[in-house]
Structures are given as structure tokens and as C-alpha cells.
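Dear colleague,

Here is the structure I promised to pass on to you.

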Amino acid sequence: MFRSLLFALIAITISSCLSVKPVSVQKVEGVNINSPNMSEIEVALTLKIDNPNNYAITVKKIDLNVVAGGIDLGKVLVEQKVKIPAKSVSNQTFNFKVNLAQLGAAAIPAGMALLSKGGLKIQATGKIKAKAFLVSKNFEVNFSDNVNLK
């Protein structure tokens with residue numbers, strides 16, 4: 001009984017002292033379109049992410065609404081776990097699929113025209129869920145950047 005109480009007290013103390021600083025997206029480093037077909041497009045999005053914490057952070061889930069070149073790509077959900085080293089700014093690649101049926105018929109020709117221009121404005125809003133030790137936290141994302149596709 002005493003050991004359980006002591007363990008609980010230590011765990012509460014450690015978790016209350018551990019403040020998780022927000023992980024931030026600094027830049028979109030690249031967008032790669034992989035395996036396009038008639039129903040969906042696989043996208044690899046490389047982001048420059050800043051982890052200001054003294055410990056590694058594991059990104060567990062990304063839930064974003066993405067707009068590319070004025071075209072609403074809809075909700076992007078990535079449940080791929082990515083570990084970001086402590087006190088680092090590093091490039092991390094996240095893979096997701098865009099369902100072409102949800103975009104509507106007008107978005108596909110507009111998207112092809114945007115891709116041929118070579119540049120694209122990416123906007124993302126939503127949440128990133130990250131974990132360090134026993135502490136899990138959601139970070140708000142509101143990000144916009146221009147990406148060179150050539």
C-alpha cells in the first residue's frame with residue numbers, strides 16, 4: 001500500500017513539473033504526390049518541425065483541415081507515430097491520402113492547373129497530438145506557407 005502511494009505521489013510530482021512546450025511547424029519543406037489514381041492521391045508532406053523541449057516528443061496523431069492553392073482538400077488524419085528529437089528543428093515526413101470523390105468535379109482540373117504552375121500555397125488548421133513520457137498534449141496548428149513543387 002505504501003509503495004503504491006509513494007509511486008503515485010512521485011508520478012504526480014514528475015508529471016506536474018514536466019511542462020510540454022508547444023511543438024511548432026516552421027515550414028513546409030516539400031510536397032510529393034505519390035501513386036495518383038482515379039479515386040485517391042497519396043501525398044507525402046515534409047514539414048520542418050521545432051521541438052524546443054529538453055526531451056524527445058512523439059507525434060501520435062495529426063488531425064488537420066488542409067487547403068492547397070485555394071482547393072479544400074478536406075480533413076487529413078495521420079496516425080503515423082513520428083519521434084522528434086529533443087531541442088531540435090528537423091524535417092519530418094507525414095503520409096496521407098486525399099479522397100478525390102470528396103473534392104468535387106471542379107477541383108480536379110483546378111488542381112492540375114495549380115500543379116503545372118510549380119508553386120502552391122498550403123494552409124493547415126487543426127491539432128497535433130504529442131506525447132512525452134506519460135504526458136500527452138494537443139497543440140493547435142494554424143499554418144500557411146508557399147511550396148515550390150518543381
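Glu29 is partly exposed, with a relative accessible area of 33%, and in this predicted model it forms a salt bridge with Lys48, the closest N and O atoms being 3.6 Å apart. This pair links distant parts of the chain, since Glu29 lies in strand 1 (residues 24-34) and Lys48 in strand 2 (residues 40-51), 19 residues apart. Lys48 likewise counts as partly exposed, at 27% relative accessibility.

The structure holds two salt bridges, and the pair still to be described is that of Lys75 and Asp63, whose closest N and O atoms are 3.1 Å apart. Here too distant parts of the chain are linked, with Lys75 in strand 4 and Asp63 in strand 3, twelve residues apart. Lys75 is exposed at a relative accessible area of 52%, whereas Asp63, at 26%, counts as partly exposed.

As for the strands that carry this pair, strand 3 (residues 57-68) and strand 4 run antiparallel and are joined by seven bridges; Val66, for instance, has Gly74 in strand 4 as its bridge partner. The two strands form a hairpin with two residues between them, and Gly69 in the turn has a positive phi of about 60°.

Finally, Lys81 sits in the loop between strand 4 (71-78) and strand 5 (82-84), and is exposed, with a relative accessible area of 60%. Together with Lys61, Lys129 and Lys131, Lys81 belongs to a patch of positive charge on the surface.

Best regards

Terms used: Residues are numbered from 1 along each chain as its sequence is written. This is a predicted model: local features need pLDDT of at least 70, side-chain atom pairs count only at pLDDT 80 or more; totals for chains, interfaces and linings use all residues. Side-chain values use heavy atoms; hydrogens and water are left out. Patches are made of residues with over 30% relative accessible area and no salt bridge: like charges are joined within 9 Å, nonpolar side chains (Val, Leu, Ile, Met, Phe, Trp, Tyr) within 5 Å. Accessible areas come from the Shrake-Rupley method with a 1.4 Å probe; for residues, only the protein chains shown count as cover. A salt bridge is a side-chain nitrogen of Lys or Arg within 4 Å of a carboxyl oxygen of Asp or Glu. Lys and Arg count as positive and Asp and Glu as negative; His and the chain ends are not counted. The place of a charge is taken as NZ of Lys, CZ of Arg, CG of Asp or CD of Glu. Helices (H or I, at least four residues) and strands (E, at least two) are DSSP runs, numbered from the N terminus. Buried means under 20% relative accessible area, exposed over 50%, partly exposed in between (1.4 Å probe, protein chains only). Two strands pair if DSSP finds at least two bridges between them.
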